[in-house]
Amino acid sequence: MRVLFSAETPLSLTSYQSVIGELDRRGHEVVIAIHEEREIGWRDHLLDEVASSHVWVEPAVSPRPDRWLELGADLRSSIDLFQFLGPRFNETYRARAWKRAPRPAAAIARSPLSRSAASRSAVTATFRLLERAVPTNGEIERYLRKIAPDVVVFTPYLGLRSIQPEFLRAAQALGLRTAILVKSWDNLSSKSVIRPIPDRLFVWNTVQRAEAKALHGIGPERVVVTGAQCFDDWFAWQPRPRSEFAARAGLDPGRPYVLYACCSPWTGPSELGFVRRWLEALRAHGGVLAEADVLVRPHPKRPDVWLDADAGDLHGAVVFPRVAHAPTDDDSKADYFDSIFHSTAVVGLNTSAMIEAAIVRRPVLTVLDPEYERIQQGTLHFRYLLEVGGGLLSVSRTLDEHTAQLARAIQGEDDGRARADAFVDEFVRPLGRDVAATPVFVDELERFASSAAPRPQRTPAPLLPLRPLLSPLARRSARFAHS
């Protein structure tokens, strides 16, 4: 089997290292095509980790500037905008969609046509029809023919104005099997609308299967539930001695510590100010919180915030690693796992580290801070932490209430294990706690690759007369894209 793995950036691979490794072990060929090169300090090391005799990494073909590509991106951005105008979404989602939508679509969105669900649905259907009339890109089609994959998989696919939908359209035009892989827990609810619809959508759990139907119109017959393969490592990972990790992180090996896990960049303002307020509340509470060590783990997408943080303002907290690093190799994975495993409790605002804390069975706490309301209760995926399996988080609405909860957790009065287990069983390993997701994932991919190939999906003949009418819009899209 030959798999073409379309990855938006090198960072997109972090959730699929185990899958790529399993494909390699089974002797399958994997071509990893990177669409966008972002400068990250550990990029080359990550790519070295996944490359092997059966796995190679290359830049995806980058099509020359093309008016039809720009029009396709504009139409998809318009669809995204009208999706996020719906009542279930707040300004956190809409701000990015407004920023990326073309001016004509934004003007329609400000008109009475955006005020009702029926009119928004009609406008969206029109945009989708127009997108189907746009021709696929010849350069992309030639690239796909050269690779000749048995299946083309895309991750995360849901980036706003990503080129990946054009690759999926071209793959479908050639009759190739296509699948989208959900990279993270918030991808289906916080990014763009999935169009066109692939042959398969690989998700973690039944919650995401429901999201696929409700938010993207993808029927359950196309959705494959495998569990969350990106967390498989943590179920069997063995910690280093506490003293060894404490020495690496600069902690006192004899004192308990609380881990504060930071959020990703899209979630709003820097957390530095909140962490300072949070630390002040901990020290003011007294007792075990006055003496407990605190380890702050920066998010790998937001490293600069903590590089120059004044230790004097952090009330004795340790920032580790000082240069933020995603857990992609054995050393960085060990640091990440140990930071959770050896902690007494984990605190954060809204981060996937809370899921990993649940796997390690640590108490997970949060404060519903007014400054971050939009990225906590205002997001769909945060609700899963509150609801799935009865709710994972210990939630408070004030710092005073939170510090009382945290003190009880440190003293062992609330270890959170029952909540953690129920959440993990439903959200991370829905096929069984002992059923690793990675082999299931690869089994399903092999089954899909051996199924009958789909029929090529070219632009339907009745839509071809739309192209001359769309040509002026395409020229406009190209002009604004490159002005």
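Modeller: Let's start with a network of salt bridges that links E22, R25, R26, D443 and E446. A salt bridge here is a side-chain nitrogen of Lys or Arg within 4 Å of a carboxyl oxygen of Asp or Glu. This is a predicted model, where local features need pLDDT of at least 70, side-chain atom pairs count only at pLDDT 80 or more, and totals for chains, interfaces and linings use all residues. Residues are numbered from 1 along each chain as its sequence is written, and side-chain values use heavy atoms, with hydrogens and water left out.

Biologist: Which residue does D443 meet in a salt bridge?
Modeller: D443 pairs with R26, at 2.8 Å from N to O. D443 sits in helix α21 (residues 437-449) and R26 in the loop between α1 (17-25) and β2 (29-34), so this pair ties together parts 417 residues apart in sequence. Helices (H or I, at least four residues) and strands (E, at least two) are DSSP runs, numbered from the N terminus.

Biologist: And is D74 buried or exposed?
Modeller: D74 is buried, at 10% relative accessibility. Buried means under 20% relative accessible area, exposed over 50%, and partly exposed in between (1.4 Å probe, protein chains only). D74 forms a salt bridge with R161, with the closest N and O atoms 2.9 Å apart. D74 belongs to helix α3 and R161 to the loop between β4 (151-155) and α8 (164-173), so the pair joins parts 87 residues apart in sequence. R161 is partly exposed, at 32%.

Biologist: How many salt bridges does the count come to?
Modeller: The count comes to 27 salt bridges.

Biologist: Switching topic: how many disulfides are there?
Modeller: Zero, by the rule used here, which asks for a pair of cysteine sulfur atoms within 2.5 Å.

Biologist: Last one: which helix does D331 lie in?
Modeller: D331 lies in helix α16. D331 is exposed, at 56% relative accessibility.
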